[in-house]
Amino acid sequence: MESSANEAAESLAAHVGREAFIAEMNSTAAAWGLNRTVFQDASGLSAGNQSTAREYLTLVEKIHAERPGLFAYSRQPRVTVYASGSGL
């Protein structure tokens with residue numbers, strides 16, 4: 001992902017509601033069978049975020065399968081993201 005992905009994730013979480021965003025992250029992880037994965041913040045920097053190597057691989061594979069174009073952004077030197085419906 002982007003080198004500043006932690007800031008981008010926190011900005012997105014703030015836009016939609018931080019607690020709701022983190023709850024959705026945990027809900028999605030559970031729905032995908034990632035029973036040893038838990039998120040306490042959106043950025044991934046918290047020591048409270050836990051997973052296993054196998055579950056992290058599954059997470060990346062699921063994201064790639066559902067949103068294959070997402071990883072193309074990580075190959076770009078600069079990416080601009082607009083909030084849907086924000087007019088920005």
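The side chain of Thr37 makes a polar contact with the side chain of Ser51 at 2.7 Å. A polar contact is a pair of N or O atoms within 3.5 Å; within protein, one must be able to donate a hydrogen and the other to accept it, and residues adjacent in sequence count only if both atoms are side-chain atoms. This is a predicted model: local features need pLDDT of at least 70, side-chain atom pairs count only at pLDDT 80 or more, and totals for chains, interfaces and linings use all residues. Residues are numbered from 1 along each chain as its sequence is written, and side-chain values use heavy atoms, with hydrogens and water left out.

Thr37 lies in the loop between H2 and helix H3 (53-66). Helices are DSSP runs (H or I, at least four residues), numbered from the N terminus. Thr37 is buried, at 10% relative accessible area. Buried means under 20%, exposed over 50% (1.4 Å probe, protein chains only). Leaving aside residues up to four places away in sequence, Thr37 touches Asn26, Ala29, Gln50, Ser51 and Glu55. Contact means heavy atoms within 4.5 Å.

Now to helix H2.

| Feature of H2 | Value |
|---|---|
| Residues 18-31 | 14 residues |
| Reach, first C-alpha to last | 20 Å |
| Expected at 1.5 Å a residue | 20 Å |

The expected span is 1.5 Å times one less than the number of residues. Phe21, Ile22, Met25 and Ala29 are buried in H2. Seen down the axis, the buried residues of H2 fall within an arc of 95°, so they line one face. That arc is taken from the directions from the helix axis to the C-beta atoms. Helix H1 (5-16) is among what covers them. The face turned away from the buried side of H2 carries exposed Glu19 and Ala31. Just after H2, Gly33 takes a positive phi of about 80°.

Key: Helix = DSSP H or I, 4+ residues; strand = E, 2+ residues; numbered from the N terminus.
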